[in-house]
Structures are given as C-alpha cells and as structure tokens.
Amino acid sequence: MAFQILLNFFLAFVWMFLSVSFTSQSFIIGFLLGLLVIFAFRRFFNSRFYLLRVAAVISLFFLFLKELILANIAVLKTVLKPKMDFQPGIFALPTELQTDWEITLLANLITLTPGTLVMDVSYDNKILYVHAIDIPDADQAIDEIKNSFEKAIMEVSR
Amino acid sequence: MSEIIRFFIGFFLVVGGFLSLVTAFGLVRLPDVYTRNHAASKSATLGVMSILLATFLYFYLEHGHFNSRLILAIIFIFVTAPVAGHLISRAAYNSGVKLWDKSVRDDLKNKAEYERQNSQ
C-alpha cells in the first residue's frame with residue numbers, strides 16, 4: 001500500500017516536471033492522473049488498489065465515532081439509574097487477528113464500545129480478556145464485536 | 001447562519017459539560033475500580049473532545065482563527081484515553097484488587113492455566 005502511495009506521489013512529480021508548472025494545482029492534477037494510471041495497472045501490484053484500503057480506514061473511523069457516542073449513552077444510563085442492578089464480569093474473547101497493531105486497534109475499539117473494557121491480552125495474541133459492565137449480554141457482545149469490528153479491521157489489513 | 005453556528009457551539013459545550021458531570025457521578029456511585037473505569041474512560045473522553053471541538057469552532061467561525069493544536073489535542077485524547085483505561089484496570093487486576101461482590105464471571109483468573117497449557 002505504501003509503495004502505491006509513493007508511486008502516486010512520484011507520478012505527480014513527473015507530471016509537474018512534464019508540464020513545467022510547480023504549483024499545488026498541477027500537483028493535484030498529476031496526483032489524480034497518477035491515480036488513474038495506478039488503477040489501470042492494479043493487477044501488477046501484489047496488494048489491493050490502495051484507495052479501497054483508504055476507504056476502509058475512513059469507514060473504520062466513522063465506526064469508531066459511532067461506537068463512542070453509543071458507549072456514552074450506555075454509560076449514562078448505567079450511572080444515572082437509581083438501582084445498581086447490573087452484573088459485571090470478565091469474559092474471554094477469542095480473536096483471529098494476528099499482528100500487534102491490529103490487536104491494539106481492536107482493543108481500543110472494544111474499550112470505546114458500550115459496556116466493555118479490555119483488561120488483558122494473552123501472550124499468544126489469541127484471547128482478549130474483556131470486562132463487561134453487564135455480563136448477561138456478553139455472548140451477544142462477542143458476536144457483535146466479531147461481526148463489526150474484526151471485519152472492519154480485516155478489511156483494512158487484508 | 002451565525003445563529004446556527006452559535007447553536008452548535010453551545011450544544012457541544014453543554015454536552016461536554018454534562019458528560020464530564022456524569023463521569024464525576026459515575027466515579028462516586030459505581031461500586032469498584034473496573035466499573036468506575038468504564039465511566040472514566042468513556043464519558044470523559046467524549047466530554048473533553050466535545051468541549052475542545054466547541055472551542056475550535058468558536059475561534060474558527062467567530063474570530064476566523066484556525067487553531068490546529070485543538071484538532072491535534074482531540075486526536076491525542078481519542079487515541080490515548082482507552083489505552084490509559086486499559087492500563088489502569090490491568091494494573092489493578094494484577095495487583096489483586098477484588099471485583100465487585102455481584103460480579104458473575106471471571107475468565108481472567110484462568111489465564112495462568114491457559115498460558116501454561118499453550119506455552120510449549
């Protein structure tokens with residue numbers, strides 16, 4: 001992915017040198033034309049066309065933001081409820097992600113989700129220990145985390 | 001136009017203040033370290049972020065002064081707050097702070113055994 005972006009910058013500079021105008025406008029034009037070239041030659045790269053990955057990053061960011069707001073509403077309800085009748089607990093969440101940065105990202109996402117907080121990661125990176133504020137929905141929470149976050153992160157790293 | 005902008009600035013300020021207040025309530029009311037951490041790491045994050053956003057919007061739209069440091073501050077808080085919450089609760093667990101009596105499940109105490117089984 002980094003290679004494709006670098007190539008795109010390089011093509012933009014080539015365009016600036018070809019048209020002998022060193023302004024930001026001609027850089028942007030060159031960048032867009034380079035994007036077209038990279039799109040046309042996408043089957044010669046061994047990773048995906050990089051704009052797809054950029055789109056995945058942006059959608060992950062909005063997922064992050066949405067979860068943060070939902071988490072706050074959930075905490076609000078818990079804190080301001082007159083009776084303390086929730087049942088906290090720690091559950092183990094098996095994960096399929098492998099590299100360190102993916103796990104860090106998943107842990108941050110889980111911490112900002114409604115009612116869950118990452119406590120520990122096992123040494124072989126296969127299990128996250130998550131503290132949930134209300135354990136009866138834990139199984140459902142596992143499913144949701146698996147379906148939304150893990151998928152979104154895999155979409156980025158694939 | 002400027003009335004709408006003012007409405008948004010005021011809205012973000014009120015929401016930020018309210019969330020910070022809820023964080024303080026949560027720290028007082030909730031029973032143990034881990035549940036308090038839920039309140040502290042979530043509400044405080046969004047509360048401070050929305051106050052900073054309101055400050056940014058105010059100076060940009062009313063005074064025409066674009067302060068990029070506020071944006072950086074929002075991003076830094078967004079990235080670091082969950083890590084801080086994680087580290088505090090992990091340190092609490094490892095130094096033996098008990099969960100609340102009404103906690104129903106504790107998978108983390110099986111961790112040592114899990115590691116022993118999978119370490120070879």
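**Figure 1. Overview of chain B.** Which pattern does chain B follow, read along the sequence? Chain B follows α-α-α-β-α. That comes to 4 helices and 1 strand. Helices (H or I, at least four residues) and strands (E, at least two) are DSSP runs, numbered from the N terminus. This is a predicted model, in which local features need pLDDT of at least 70, side-chain atom pairs count only at pLDDT 80 or more, and totals for chains, interfaces and linings use all residues. Residues are numbered from 1 along each chain as its sequence is written, chains are lettered from A and ligands numbered from 1 in the order in which they are written, and side-chain values use heavy atoms, with hydrogens and water left out.

Of the 120 residues in chain B, 37% are buried. Buried means under 20% relative accessible area, exposed means over 50%, and partly exposed lies in between (1.4 Å probe, protein chains only). Chain B exposes about 7200 Å². Carbon and sulfur atoms supply 67% of that area. Accessible areas come from the Shrake-Rupley method with a 1.4 Å probe; for residues, only the protein chains shown count as cover. Now take the contacts in chain B with a separation of 6 or more: residues 24 or more positions apart account for 63% of them. Contact means heavy atoms within 4.5 Å.

**Figure 2. Confidence in the model.** The model scores ipTM 0.75 and pTM 0.77. The predictor's confidence in each residue is the pLDDT, from 0 to 100. Chain A averages a pLDDT of 82, and 96% of its residues score at least 70. In chain B the mean pLDDT is 82, and 82% of the residues reach 70 or more. Which element of chain A has the lowest mean pLDDT? Helix α5 (residues 138-157) does, at 74. Helix α2 (residues 24-40) of chain A has the highest, at 92.

**Figure 3. Two helices of chain B, side by side.** Helix α2 (residues 33-63) of chain B packs with helix α3 (residues 68-94) of chain B. Their axes are 10 Å apart, at an angle of about 175°. Therefore α2(B) is roughly antiparallel to α3(B). Axes are lines fitted to C-alpha atoms, for helices over the stretch in contact, and angles run from 0 to 180 degrees between N-to-C directions. Angles under 35 degrees count as roughly parallel, over 145 as roughly antiparallel, 65 to 115 as roughly perpendicular and the rest as oblique.

The α2(B) side of the contact includes Val48(B), Met49(B), Leu52(B) and Phe56(B). On the α3(B) side, the residues include Ile74(B), Phe78(B), Ala81(B) and Ile88(B). The residues of this contact divide into 17 nonpolar, 6 polar and no charged. Here Ala, Val, Leu, Ile, Met, Phe, Trp, Tyr, Cys and Pro count as nonpolar, Asp, Glu, Lys and Arg as charged, and the others, Gly among them, as polar.

Figure 4. Lys42(B) sits in helix α2 of chain B. Is Lys42(B) buried or exposed? Lys42(B) is buried, with a relative accessible area of 0%. Leave aside its neighbours within four places in sequence, and Lys42(B) is in contact with residues including Ala71(A), Asn72(A), Val75(A) and Thr111(A). Leu112(A), Thr113(A), Gly115(A) and Thr116(A) are also among the contacts of Lys42(B). Leu19(B) is 23 residues from Lys42(B) in sequence. Their C-alpha atoms are 9.3 Å apart.

**Figure 5. Lys98(B) in a loop.** Lys98(B) lies between α3 and β1 (105-106) of chain B. Lys98(B) is exposed, with a relative accessible area of 68%. Beyond its neighbours within four places in sequence, Lys98(B) is in contact with Asp32(B) and Tyr34(B). Thr45(B) is 53 residues away along the chain, and 26 Å separates the two C-alpha atoms.

**Figure 6. Val20(A) between two helices.** Val20(A) lies in the loop between α1 (2-19) and α2 of chain A. Val20(A) counts as exposed, at 63% relative accessibility.

Figure 7. Pro94(A) is found in strand β1 (residues 89-94) of chain A. Pro94(A) is partly exposed, at 45% relative accessible area. Lys126(A) is 32 residues from Pro94(A) in sequence, yet 5.8 Å away in space, C-alpha to C-alpha. Trp101(A) belongs to helix α4 (residues 100-111) of chain A. Trp101(A) is partly exposed, with a relative accessible area of 46%. Leaving aside neighbours within four places in sequence, Trp101(A) is in contact with Val156(A) and Ser157(A).
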